[in-house]
Structures are given as C-alpha cells and as structure tokens.
Amino acid sequence: MSHLHFPDGVLPVYLWGAGLIITGVILAVILYRLGKQDQVKKLPLVGVLVAVMLLAMSIPLGFLPYHLNLTVLSGIILGPALAFVAVFIVNLFLSFMGHGGITVVGLNTLVIGLEAAIGFVGFSLLKPFFRPTGAAAAATLCALILSIIFAFGIVTASQLSYTEIMEVTGGEHVGCTHPGHDHSDSQHGANPLVEALKENTPVGFIQIMSAAALPGILLETIVVAFIIGYLARVKPGLF
Amino acid sequence: MDLAYLDYLAAHGESPLHKASAPSKFFMLFIFISFIIISHSVIFLALSGLIILTLFALSKLPIKKILHLLFYPLFFSSVFALSGLGGTLSPAALVLKAVNTAALLILLLCTTPYYRIFSLLSVFLPALLVDILFISYRSFFLLIRQLSGLFTALRLRGGLQRGRFLSNLKNITSALAVTLLRSFELNERLYQVIQLRGYRQGFVGQREKILWSSCDLLPLLVGTAAGLIFFLL
C-alpha cells in the first residue's frame, strides 16, 4: 500500500465526478496525440507494462499485507503520458477486482498517474548526477510521498462543504452549513483556504494511513531501484 | 489479486449468471451501484449485501477463496469511517457502500470472461484504449506463465524460504526484473505481428453478437428489484 486506491462510496459525487472528467480529458488528449503521431510501436509496450504491473501486484510478499505496484518504473520507461494511459488501464482492471472503486477510477488514475509522472521527471533530473539505482530510488521515494500527499489532499477536499469551497474559490457565500463554524477570522482578512483546511484536515486519517503506507513506500523504493539497476546493467541503452 | 483465477472462474462457470449476457449484467451493476452510492440507508445497504451474497451462492463461486479481495475496500472504508470522515453517513453505511460495490464488481468479473467485458467497454471507450486493454490481457497470461516458471525454479533452489524476508525479496525482485526483460521481447514480437497484419485502430474487430437467453432475466430482475427496494425504503 504505497499509494491509496479509493474505494466506491467514501468520496462525494462532485469529487469523483471531477476526477472522471479530468482523467477523461487527459486521456482524450494523450490518445489523440498517440493516434496522430502513429506511435504504433509504443502501443504493445503500454499493454505489456500494464501486464507487468498487474503481475507485480499479484505477487504475495509473505507476512506483509502489501503488494508491489511498479508505477514509477512504468513512468520511467514509458514517460508520463503513456504511463497515464497504463495507469488508467491498471485501475480499470483493479476496480473489477474490488481494489479501488469503479466510480473513483478517475481520481485513482490522477493520484497514481501523478506518481508515474513525478517518477519520470525525478529520474530524468537525477540521472546525470547519480547512478541509475540511486536516481531511481530517490525518484521513487519522492513520487510515492508526493502522490500520497495528493491523495490526502483529495480526502481533505472531501471534507470541505460546498459553502467552504465557494468561499475558497472566491464564489458567492451562501451561508455556513456547520452550526459551530465561526467565520470571524475570514471576515478580518485571514486566508479562507488556510482556515478551511485547518478546520477540515482529517489528521487521524492521515496519521493512520501514513503509518500504514510507510513500509509499502520503502519496499517499493527498494524494488524499483533494484530493477532499474539491473536493467541499466543488462540493457544500458534503455535509460 | 489473482486475475488468472478469477478468469478461470468466469470461463468455467455454468450458473445462470455465467450464462447471462454481459449487457444484462452491466445493467444490473449500473442500477445496483448507482443506488448503493446515493443511498444513506443502512437497511438498504445491508439488504443489498444479502442480495449480493445470494448471487455469489447462486453462481456457485468459491466465496472463501474470493473473500480476501474484499479486504482492501473493507480496510480503507473502515479507516475512513473510524476517522469520522464521510459527513452525514454512518460508519456502517460507509463500509457497506465500499464493500458492496467491490463485491458486485468481483461478481461481474467472476461470471463474465474478460473479452466479453472488453467487447462491451468498446462501445464507450476509444478503440486505441480497447486495443491496449486486449494487449494487456493477452500479455498478462503470457507473462504469468513465465513468472510462475521462475518462481517454481526459485522454490526448488531454496530461493523462497519462510522467515527470510530480505533474501526472498531480493529473489522476487530478480524474477520481476527478468520478467520485465522478457516483456520487452514480447513487446517487440507483438509490434512485429501488428505491423505484419497491418494495424488500424480497433483491431478487436467486430463486436460480439449478443445472444439473449432466459438467464438474462436474473440480472435484469435483480437490478430492477434493487431499484424498487431503494424507493420503498
């Protein structure tokens, strides 16, 4: 569990609806470009890497209730755009197996797609300065931590009421839904976004999930770094 | 996450739900999941759980072997519920929503072969995406055979032993790295096949003809019943 797959029914409709729309738009742009550029050669590679990710997830890790993902590895090999497509397909497969919901496929794709993108960017930036293993380890660690922060951000956003979102985005204030909610600070110039987040950040949830995710993050980092090191030795032209 | 096992169950089942067409099962799923998501009633959600359990029993699926798949939605939604998240929803409703939806999707996967699901998805998804889905599915089964062989070799040579977590992890990682290398070879071969046959988007070709039967009544009735129960409660 180095990253979160939201299940169905726990997030409000406006959030997962937005997730589906954003993912749909990103996918449409990527697929349109893929079709235009005649990148047929990359088509099987995406499919094969989806299969590798699903295979890695199927491997039991002994007593640990975790599974590998290899999302960052896919990001490094495929690049952020194609990795986004691969992540969407993996999430679609996983949702049919109860691992992450079908309505939240969009949000899960955004979270894990971001992981792949950060992994790719991080590895590209660090590659000239470090050996592939070190660059991959650092990139994976950063990607997993940032993606989990993004996921926590989504959970926090799910706790904001409609009126608070309107306030934060500068929309019309139509009254507060929380009986004990005092708006005196925001009336005196305090940042409404900071105030809303202070009040709604689910600290308990973040603490539990961080503790649960930490071993998974370390495990994934070690495995990805090792695989990249191995590939760099036997297939040096790949990176 | 034993995709191969679920695929086996879908391909070898003989129950009415296995024989029902994919569109009728999708209809049931769509109606059921929609009501589960909008419902706040614990009674409706608990009843839905019972109906889903009955469907599993009717489909003669080995519930004990599939049950572990519900661990993730159960765990995640429990953390959500125990942390006081979920707004006006009660903790029980939150957990039931996540578990019921996941169980329904697993039911679909265990009773419908993947190619039928893809065939139906191709109506909504772009052809390029469906092509990648098919390649992924095919590659998964080609690669799982190779990985299983590697794991058997590892076990025979004492590479996977109880209590030796770090050593096991190192060997598992090596096996994965080798599988990844083979996947590149597989990619090259698939590309050559695509080139040779002359690729055009949507090589999945014609959609499967839907054959309606009396078995379709079951998912259609269950979907309708779910809607009725929702409005009655």
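Across the interface of chain A and chain B, the rule finds zero salt bridges. A salt bridge here is a side-chain nitrogen of Lys or Arg within 4 Å of a carboxyl oxygen of Asp or Glu. This is a predicted model, where local features need pLDDT of at least 70, side-chain atom pairs count only at pLDDT 80 or more, and totals for chains, interfaces and linings use all residues. Residues are numbered from 1 along each chain as its sequence is written, chains are lettered from A in the order in which they are written, and side-chain values use heavy atoms, with hydrogens and water left out.

What else joins the two chains? One residue pair is in polar contact between chain A and chain B, with both residues at pLDDT 80 or more. A polar contact is a pair of N or O atoms within 3.5 Å; within protein, one must be able to donate a hydrogen and the other to accept it, and residues adjacent in sequence count only if both atoms are side-chain atoms.

Which elements of chain A touch chain B? Those giving two or more residues are α1 (13-36), α2 (42-58), α3 (71-78), α4 (80-95), α6 (132-159) and α10 (203-234) of chain A. Helices are DSSP runs (H or I, at least four residues), as are strands (E, at least two), numbered from the N terminus. Helix α2(A) gives the largest share, 15 residues. By class, this side of chain A has 54 nonpolar, 15 polar and three charged residues. Ala, Val, Leu, Ile, Met, Phe, Trp, Tyr, Cys and Pro count as nonpolar, Asp, Glu, Lys and Arg as charged, and the others, Gly among them, as polar.

Now the area. Chain A and chain B bury about 6000 Å² between them, 86% of it on carbon and sulfur atoms. Buried area is the accessible area (1.4 Å probe) that two parts lose on being put together, summed over both. A:L55, A:F96 and A:M97 supply 13% of the area that chain A buries against chain B, more than any other three residues.

Next, chain A itself. Chain A has ten helices and zero strands. Of its 239 residues, 55% count as buried, meaning under 20% relative accessible area; exposed means over 50%, and partly exposed lies in between (1.4 Å probe, protein chains only).

Finally, look at B:S214. This residue sits in the loop between α10 (165-197) and α11 (217-232) of chain B. B:S214 is exposed, with a relative accessible area of 60%. The C-alpha atoms of B:S214 and B:K19 are separated by 9.2 Å, though the residues are 195 apart along the chain.
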